[in-house]
Amino acid sequence: IKDLKYADSHEWVKVDGNSATIGITDHAQDHLGDVVYVELPEVGVTVKQDASFGAVESVKATSDVNSPVSGKVVEVNEELSSSPALVNSSPYEDGWIIKVEMDNAGELKKLMDADQYTKFCEEEDSKH
Amino acid sequence: MKVPRSLQIWRLGIVNYSDALKLQEKLVSDRKIHKISDTLLSLQHPPTYTLGKRRTDHNLLISEAELKKLGAELHYTQRGGDITFHGPHQAILYPIISLRDIGLGARNYVEKLESTMIEIASLYGVKACPGQKGETGIWVGDRKIGAIGVRIQYGITSHGLAFNIDPDLNYFKHIVPCGIADKDVTSLRRETGNGIYEAVEKPAPHVTYSKEHQCHQALKRANGGRADAEMELAELLLHLLLYSLLLPF
């Protein structure tokens, strides 16, 4: 999806002013399988770019979710506690995971745009 | 251009759960900074019950005190999956693999762990299959013979699979294994009746070794006699199968 930025660990970020909404991509949810549990951080914690802030569980595997940007968690998607499958069915909309108040918008430069991310996925998938 | 890849196999014998966890954490860190290549830990645990990230301890049917009286330990972990039991003569594989390097997702990786156990079961003439949706693991009919619980950090795996060669199945009575009630747990011993040893079929063509040679070697090495030799042979087969699945030529 255009307008979003992407990390190479397959998370997306949608920026609105200083606010960043974060989730995992369609590619990620497809490769994970059905998500049965989402571990969310507490509101107020700090997150750092490329560091893990939570995890998802699918097919008996827990996979870390990393933040594409640094900042403070201002909101988490509580819906995911009762409906973790939203991550699969609506990875860019209802399956959003956290909202972060960024402390360094310059970090966005390290992320990929939609075209770069598409290419990245193609290269990764061709490895196997 | 295909980059040569290798898998280092560490055969550890019986290892305490905490020690194995610490070792895995170190190996994951080392793998992350490319200090080591993909590594496979092959081991067994003393009697140990473990829970996953979701901490489903309602599936533990006895208290921790009673559990200790049985000579077992209880551990809470960050892996996926529900409650399970590990004990001697259950083969455990903990692959520390960079999934990112091979472009594999969690689902495909778990499927390969399942295939490994299905193939080894078939080498012993036991027909096993993956579970229904949401019941990851390996089943013979409605009896569970293999379990999976994985953790992925920085795209690197830890924890892995547990395959019942011949563990004491009574320990499973104290839990709702993997949170699935009304289903039994089984082992290669139970499914092959008489002799695990005799039951080994002709190896699959891509597993290039000689059965006689491996059996002979296993018997020579095993100090504890036949049961240990059976265990050793099964472990060797598991390594070869996982290796051939993860590193196709």
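Guide: Let us start with a term: two strands pair if DSSP finds at least two bridges between them. Strands (E, at least two residues) and helices (H or I, at least four) are DSSP runs, numbered from the N terminus. In chain A of this predicted model, 6 strands form an open sheet with antiparallel pairing, in the order β1-β2-β3-β9-β8-β5.

Visitor: Before we go on, how should I read the numbering and the values?

Guide: Residues count from 1 along each chain as its sequence is written, while chains are lettered from A and ligands numbered from 1 in the order in which they are written. As the model is predicted, local features need pLDDT of at least 70 and side-chain atom pairs count only at pLDDT 80 or more, whereas totals for chains, interfaces and linings use all residues; side-chain values use heavy atoms, with hydrogens and water left out.

Visitor: Which are the edge strands of the chain A sheet?

Guide: An edge strand pairs on one side only, and here these are β1 (5-6) and β5 (46-47) of chain A. Further in, 6 bridges join β2 (residues 11-16) to β3 (residues 19-24) of chain A, running antiparallel. To find your place in that pair, look for A:Val15, which stands opposite A:Ala20 in β3(A).

Visitor: What is the strand order of the open sheet of 3 strands in chain B?

Guide: The order is β4-β3-β5, with mixed pairing. Its edge strands are β4 (73-76) and β5 (84-86) of chain B. The twist averages 25° from one strand to the next; axes are lines fitted to C-alpha atoms, and angles run from 0 to 180 degrees between N-to-C directions. Within this sheet, β3 (residues 48-51) and β5(B) run antiparallel and are joined by 3 bridges, with B:Thr48 opposite B:His86.

Visitor: Now the interface. How many residues of chain B are in contact with chain A?

Guide: Contact means heavy atoms within 4.5 Å. By that rule 26 residues of chain B touch 22 residues of chain A. Buried area is the accessible area (1.4 Å probe) that two parts lose on being put together, summed over both. It comes to about 2100 Å² between these chains, with carbon and sulfur atoms giving 50%. In chain B, the residues that lose the most area to chain A are B:Lys53, B:Arg100 and B:Arg107, together 28% of what that side buries.

Visitor: How many salt bridges are there between chain B and chain A?

Guide: The test is a side-chain nitrogen of Lys or Arg within 4 Å of a carboxyl oxygen of Asp or Glu. The count between the two chains is 3. B:Arg54 forms a salt bridge with A:Glu57, and their closest N and O atoms are 2.8 Å apart.

Visitor: Which elements give two or more residues to the side of chain B that touches chain A?

Guide: They are α3 (99-102), α4 (106-123) and β9 (143-153) of chain B. The largest share, 7 residues, comes from β9(B). That strand also runs parallel to β7 (residues 61-66) of chain A, joined to it by 3 bridges, and there A:Thr62 stands opposite B:Arg151.
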